[in-house]
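User: Hi, I have a chain open on my screen and I would like to talk it through with someone. Could you help me read it piece by piece?

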Amino acid sequence: MDFVIIVEGKNDKKRLSRVLTKDVPILCTFGTPGPDQLQQLIQQANGRDVYIYTDHDASGRRIRGILSDVFPDAEHLYTKKGYAGVEGTPE
C-alpha cells in the first residue's frame with residue numbers, strides 16, 4: 001500500500017480492520033506518543049502517505065496535533081459527531 005492509517009489504540013485498529021483489506025497498514029500510537037513512539041511511527045510509515053484518524057475528545061485532539069507536526073502533509077479522517085470515537089463508529 002502507498003499509505004498508512006494512524007489511530008490511537010488497538011480497539012480503533014480492530015474496528016478499522018473489519019472494514020479494510022488486510023493489506024492496509026494500521027499503526028497505533030497507544031495513547032499520547034513520546035519521542036520513541038514517534039520515531040517508530042516515522043519508520044513504519046516509511047515515506048508513505050499518512051492518514052490520521054483519532055477521536056474527537058481532548059486526548060484525540062492532542063494526539064492529532066502531535067502527529068500533524070510529525071506528518072505535516074497527512075490527511076485527516078474524522079467520525080461524525082455523536083459517535084463514541086473511532087471504535088464506536090458504525091461499520
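**Salt bridges and other contacts**

Analyst: Let us start with a pair of charges: Arg18 forms a salt bridge with Glu91, and the closest N and O atoms are 3.2 Å apart. This pair links distant parts of the chain, since Arg18 sits in the loop between H1 and strand S2 (26-28) while Glu91 sits in the segment after S4, 73 residues apart. Please keep in mind that this is a predicted model.

User: OK, and is Arg18 buried or exposed?

Analyst: Arg18 counts as exposed, because its relative accessibility is 55% and the cut-off for exposed is over 50%.

User: What about Glu91, buried or exposed?

Analyst: Glu91 is exposed as well, with a relative accessible area of 58%.

User: How many salt bridges does the count come to?

Analyst: The count comes to 2 salt bridges. Besides the pair with Arg18, Glu91 forms a salt bridge with Arg15, where the closest N and O atoms are 3.6 Å apart. Glu91 lies in the segment after S4 and Arg15 in helix H1 (residues 10-17), so this pair ties together parts that are 76 residues apart in sequence.

User: Which residues are linked in the network of salt bridges?

Analyst: The network of salt bridges links Arg15, Arg18 and Glu91.

User: Switching topic, which residues form the negative surface patch?

Analyst: The negative surface patch is formed by Asp2, Asp49, Asp73 and Glu75. To place one of them, Glu75 lies in strand S4, which covers residues 75-77.

User: Then what does the side chain of Glu8 reach?

Analyst: The side chain of Glu8 reaches the backbone nitrogen of Asp55, at 2.8 Å. There is also a pairing to look at with Val86: Glu8 and Val86 are 78 residues apart in sequence, and their C-alpha atoms are 8.7 Å apart in space.

User: Where does Val86 lie, and is it buried or exposed?

Analyst: Val86 lies in the segment after S4, and it is buried, with a relative accessible area of 1%. Thr89 also has its place in the segment after S4, and Thr89 is buried too, with a relative accessible area of 13%.

User: What does the side chain of Thr89 reach?

Analyst: The side chain of Thr89 reaches the backbone oxygen of Gly85, at 2.8 Å.

User: Where are Phe30 and Asn46 in the chain?

Analyst: Phe30 has its place in the loop between S2 and helix H2 (35-45), and Asn46 is found in the loop between H2 and strand S3 (49-53). Phe30 is exposed, with a relative accessible area of 60%, and Asn46 counts as exposed at 61% relative accessibility.

User: Last one: what else is in the loop between S2 and H2?

Analyst: That loop includes Gly31 and Thr32. Gly31 is partly exposed, with a relative accessible area of 27%, and Thr32 is partly exposed as well, at 44%. Thr32 and Ile63 are 31 residues apart in sequence, and their C-alpha atoms are 5.7 Å apart in space. For Gly31 and Gly82, which are 51 residues apart along the chain, the C-alpha atoms are separated by 21 Å.

Note on methods. Residues numbered from 1 in each chain as written. Predicted model: local features only at pLDDT ≥ 70, side-chain atom pairs only at ≥ 80, totals over all residues. Heavy atoms only, no water. Patch = residues over 30% accessible without salt bridge, like charges linked within 9 Å, V, L, I, M, F, W, Y side chains within 5 Å. Areas by Shrake-Rupley, 256 points an atom, 1.4 Å probe, with all protein chains shown as cover. Salt bridge = Lys/Arg side-chain N within 4 Å of Asp/Glu carboxyl O. Lys, Arg positive; Asp, Glu negative; His and termini not counted. Charge placed at Lys NZ, Arg CZ, Asp CG, Glu CD. Helix = DSSP H or I, 4+ residues; strand = E, 2+ residues; numbered from the N terminus. Buried < 20%, exposed > 50% of the residue type's maximum accessible area, 1.4 Å probe, protein only. Polar contact = N/O pair within 3.5 Å; in protein donor to acceptor, adjacent residues only side chain to side chain.
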